[in-house]
Amino acid sequence: MHRKALLEALAEELPPGTIRFSSRLVSIESEGSPPEIAVLRLDDGTVIRSKVLIGCDGVHSVVAQWLGMSEPASSGRSAVRGLSVCPDGHGLKQELRQFLSEGLRAGMVPISDTDIYWFLVNNTVPQEKEAGTDPEKILREVTDNLGKNMPAEYLDVARHSDSGNLSWAPLLYRHPWAILTGKAARGPITVAGDAFHPMTPDMAQGGCSALEDAVVLARALSRASTPADGVAAYVSERRWRAAWMVAGAYLSGWVQQGGTNVQGVRGYMVRLFRDWIFYRFLFPRLADTMWFNCGDLVERKEQGKAHSE
């Protein structure tokens with residue numbers, strides 16, 4: 001799904017004026033003992049006092065840092081991701097196609113009749129000055145260097161990329177044990193999505209798990225006697241699921257990549273394991289974890305009660 005379409009669909013459900021744009025968070029404080037109120041200070045001088053603070057501010061979350069969660073770790077890999085637009089239609093089948101090479105994994109999948117999402121994962125980590133800054137430079141790196149030996153069809157898709165939807169960034173994740181043991185809540189303050197459990201994109205579950213977080217958190221807050229109790233229940237319910245998804249995504253990417261930066265006989269053994277065991281037996285089991293039911297937003301008996309009233 002196109003990220004813009006998802007964000008617009010979510011935003012349209014909110015009352016006008018709910019979203020405040022261009023507001024950078026500078027500091028967080030809490031009031032009460034135990035904490036009951038979150039106090040946010042923005043770079044424009046605005047002060048917001050809130051009964052609940054949910055940090056959904058991404059991999060380098062200010063809220064996660066304030067809570068004391070560990071910094072995300074590098075996977076040793078990076079990914080170029082793009083969206084190609086073919087106004088007259090691309091004519092491709094609605095399927096994911098993947099291409100494997102030494103230290104590289106590329107793929108593409110149509111998301112509409114005109115748009116194609118594509119990616120290239122490689123065993124390099126770009127310098128900060130290279131990552132996500134110059135679309136033309138990124139595309140040249142794909143077509144002339146990293147992906148020059150990829151099939152012509154794939155390279156043709158890459159060359160039709162929309163420059164506004166082209167990025168190159170390191171793949172980061174939070175260690176599963178840090179998710180299981182880290183302090184993901186303090187009073188009514190917590191985190192969700194990448195701020196809680198950043199993962200590599202190898203199982204395409206980053207956005208999906210964030211939506212799971214939203215359902216579980218909303219349900220926990222609606223049941224709890226205090227916001228702090230609701231936040232604690234949410235973190236307790238989500239820890240194991242999130243840690244498993246992070247571990248599964250990392251393992252999937254590492255094996256499919258042929259072992260990140262593993263050379264010689266060890267690299268050969270990893271690729272043998274990937275081609276003869278992983279894809280046949282293990283990956284289907286990992287894929288089964290994607291079909292997860294996090295439950296209803298409101299319990300069915302509560303829905304019936306609401307209708308009757």
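Q: What should I know about the model and its numbering?
A: This is a predicted model: local features need pLDDT of at least 70, side-chain atom pairs count only at pLDDT 80 or more, and totals for chains, interfaces and linings use all residues. Residues are numbered from 1 along each chain as its sequence is written, and side-chain values use heavy atoms, with hydrogens and water left out.

Q: How do I read a sheet, and in what order do the strands form it?
A: Strands of a sheet pair through backbone hydrogen bonds, either parallel or antiparallel. Strands are DSSP runs of E, at least two residues, and helices are runs of H or I, at least four, numbered from the N terminus. Two strands pair if DSSP finds at least two bridges between them. Here three strands form an open sheet, ordered S1-S2-S3, with antiparallel pairing. S1 (25–31) and S3 (47–50) are the edge strands, each pairing on one side only.

Q: How many bridges join S2 to S3?
A: Four bridges join S2 (residues 37–42) to S3, and the two run antiparallel. Valine 39 has arginine 49 in S3 as its bridge partner.

Q: Which residues touch the most other members of the largest nonpolar core?
A: A nonpolar core is a set of buried Ala, Val, Leu, Ile, Met, Phe, Trp, Tyr and Cys residues joined through side-chain atoms within 4.5 Å. Buried means under 20% relative accessible area (1.4 Å probe, protein chains only). The largest core has 37 residues; Leu53, Val63, Met69, Ile189, Val191, Phe196 and Tyr234 touch the most other members. Helix H7 (227–256) gives the largest share, nine residues. A second, separate core of 20 residues includes Met108, Val142, Leu146 and Leu166.

Q: Is asparagine 122 buried or exposed?
A: Asparagine 122 lies in strand S8 (residues 115–122). Its relative accessible area is 1%, so it is buried. Contact means heavy atoms within 4.5 Å. Beyond four places in sequence, asparagine 122 touches residues including Arg77, Leu104, Trp168 and Gln257.

Q: At what angle do H3 and H4 pack?
A: Axes are lines fitted to C-alpha atoms over the stretch in contact, and angles run from 0 to 180 degrees between N-to-C directions. H3 (residues 135–146) and H4 (residues 152–159) pack at about 170°, with axes 10 Å apart. Angles over 145 degrees count as roughly antiparallel, so H3 and H4 are roughly antiparallel. Leu139, Val142 and Thr143 in H3 meet Leu155, Ala158 and Arg159 in H4.

Note on methods. Buried < 20%, exposed > 50% of the residue type's maximum accessible area, 1.4 Å probe, protein only. Parallel < 35°, antiparallel > 145°, perpendicular 65-115°, else oblique.
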